[in-house]
Amino acid sequence: MSLIQCINMGKVNVCLKRSYITVTILIAIETMLPGLFSTYGMSIIPLILAIIGVYGACKEKKWALILFVVGMILGSLFLITSDIIGLAQRLQEAEQLKRTYLQMLPLNNASQSTIDALKGIQIEFQCCGLDQGYLDWGYNIPQSCVCSQEATNPCVEAPRSSSLSEYTMNNQYVKIYKEPCVPYLIAYVMRVLDTVMGILLGVALLWILSVALCIFILRRLSKKDEFPVVVYSTEAKAGNYTPLADTVELA
């Protein structure tokens, strides 16, 4: 009987493998959510990488795991860079939005579709006009500027030289929203952009977590486990020994 040393590739911890597969499946699911990625390519590439990553973990294929790591690192860098650029251009985007909305002035010359859209905005955001409040409407202040009973934004009495001067409530002139709509519109768009950037940052962090787990799996697969294996040989010579039973009898 002789001993030899056997060297095998390391075995991956079951909990580590399951954690990696769970995170990778989450990445595959999020790529299929509508609206998360704006282009087909942005959604299909992470999905393919996720499939390759799960295959590599199940079959313990190093090439598949390496491909997953490289692709996800590049994708994470892209998402983080997009977030940084979005934050850097936040003020410029707000100024551009303001210029775009102010191009609708004067409202007396605006198209009917623009006026209808603005009326809906005034009701939703409890505002009136775009830049200078109700003054932007001139004489024809629409009913959408009239303050509702549940109004939380400040209101003022409608000017007597306006189309609303003939309307009274309890012998008082109707009240209209005081503040213009542009600040509310810009704030709303900025909140949407902040939400989108927050989601992209969360996606990037999830991708980075999958990369870290995948690297741990690769390191485990690259580690060599050494352990002795007992081998029985037919050429082994018998040693000189005394049977235990004979020794007891002699004693």
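**Nonpolar cores and helix packing in the predicted model**

The largest nonpolar core comprises 26 residues, and those with the most contacts inside it are Cys128, Trp137, Ile141, Cys145, Leu164, Ile176 and Ile186. A nonpolar core is here a set of buried Ala, Val, Leu, Ile, Met, Phe, Trp, Tyr and Cys residues joined through side-chain atoms within 4.5 Å; buried denotes under 20% relative accessible area, exposed over 50% and partly exposed in between (1.4 Å probe, protein chains only). The model is predicted: local features need pLDDT of at least 70 and side-chain atom pairs count only at pLDDT 80 or more, whereas totals for chains, interfaces and linings use all residues. Residues are numbered from 1 along each chain as its sequence is written, and side-chain values use heavy atoms, with hydrogens and water left out.

Two or more residues of this core come from each of helix 4 (90–102), helix 5 (112–125), strand 5 (175–177) and helix 6 (182–222); helices (H or I, at least four residues) and strands (E, at least two) are DSSP runs numbered from the N terminus. Helix 6 gives the most, with 4 residues. A second, separate core of 24 residues includes Val12, Leu16, Tyr20 and Phe68.

In helix 4, Ala94, Leu97 and Tyr101 are buried. These residues lie on the same side of helix 4 because they cover an arc of only 60° around the axis, taken from the directions from the helix axis to the C-beta atoms. Helix 6 is among the elements covering the buried residues of helix 4.

Threonine 24 lies in helix 1 (residues 14–31) and is buried, with a relative accessible area of 0%. Threonine 24 is in contact (heavy atoms within 4.5 Å) with Ala50, Val54 and Phe68, not counting residues up to four places away in sequence.
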